[in-house]
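Here are some questions and answers for a first look at a protein fold. Keep the picture open as you read.

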Amino acid sequence: MTTEAQLTDKIQHIKAALLALGDLRPGALSEQYNTCRTPGCRCKADPPQRHGPYHQLSYSHHGRSRTENIRPEHIDAVNSQIANYRKLRDLIDQWIDTAIELDRLRRNTHPDKSHGRKPGKPDPGAPSPQTDTSHPASTLKPLQTRAFQAFDAQLRFSTFGVQAAA
Ligand SMILES: [Zn+2]
């Protein structure tokens with residue numbers, strides 16, 4: 001079973017990995033092959049030898065899709081930025097997963113910090129709705145009940161009024 005110490009240790013490793021990340025950017029590289037307008041060019045031969053590859057970077061950011069042309073000498077750098085970006089997203093997911101696990105573990109192993117309920121023992125003699133108003137935790141209930149009774153009385157009154165007018 002995973003302990004609290006193991007989970008906090010895992011989060012420390014995730015933070016260290018985040019700090020160690022180099023340049024990054026979102027996107028995906030693709031290769032494009034084009035034809036030109038020069039008559040008799042090889043791109044119109046049979047079979048056609050189209051021009052390229054040209055490298056394009058596509059990405060979405062702030063809800064907008066964009067495409068940029070990438071020069072051949074920048075492809076390696078962009079590829080490593082894209083890889084680092086995926087690592088960033090992966091590390092964030094891991095951190096969140098671990099943080100949720102850690103929080104659950106902490107709250108389950110410290111029942112004294114919850115609302116005084118004993119763990120794992122549902123009370124078969126839970127208070128019925130009739131006796132529930134005396135429960136100290138439900139201080140709002142009598143007010144809500146009174147408010148409903150007032151509303152109910154108004155409803156009866158107005159119904160009576162309609163009947164009386166008819
Ligand atoms: Zn051509």
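**Strands and helices**

Q: In S2, which residue is the bridge partner of Asn 34?
A: This is a predicted model. S1 and strand S2 (residues 51–61) pair in the antiparallel sense over six bridges. In S2, the bridge partner of Asn 34 is His 51.

Q: Which strands are the edge strands of the sheet?
A: Three strands form an open sheet, with antiparallel pairing, in the order S1-S2-S3. An edge strand pairs on one side only. The edge strands are S1 (28–34) and S3 (64–70).

Q: Which helix packs on the sheet?
A: The helix touches S1, S2 and S3. Its direction makes about 145° with that of S1. The helix is H2.

Q: Are H1 and H2 roughly parallel or roughly antiparallel to each other?
A: The axes of helix H1 (residues 4–19) and helix H2 (residues 75–108) come within 10 Å. They cross at roughly 160°. Angles over 145 degrees count as roughly antiparallel. H1 and H2 are therefore roughly antiparallel.

Q: How many nonpolar residues does the contact of H1 with H2 have?
A: H1 contributes residues including Leu 7, Ile 11 and Ile 14, and H2 contributes residues including Leu 91, Trp 95 and Leu 102. By class, the contact also has three polar and four charged residues. The nonpolar residues number 10.

Q: What pattern does the protein chain follow along the sequence?
A: The secondary structure comes to three helices and three strands. Read along the sequence, the pattern is α-β-β-β-α-α.

How values were computed. Residues are numbered from 1 along each chain as its sequence is written. This is a predicted model: local features need pLDDT of at least 70, side-chain atom pairs count only at pLDDT 80 or more; totals for chains, interfaces and linings use all residues. Axes are lines fitted to C-alpha atoms, for helices over the stretch in contact, and angles run from 0 to 180 degrees between N-to-C directions. Helices (H or I, at least four residues) and strands (E, at least two) are DSSP runs, numbered from the N terminus. Angles under 35 degrees count as roughly parallel, over 145 as roughly antiparallel, 65 to 115 as roughly perpendicular and the rest as oblique. Two residues are in contact if their C-beta atoms, placed from the backbone, lie within 7 Å. Ala, Val, Leu, Ile, Met, Phe, Trp, Tyr, Cys and Pro count as nonpolar, Asp, Glu, Lys and Arg as charged, and the others, Gly among them, as polar. Two strands pair if DSSP finds at least two bridges between them.
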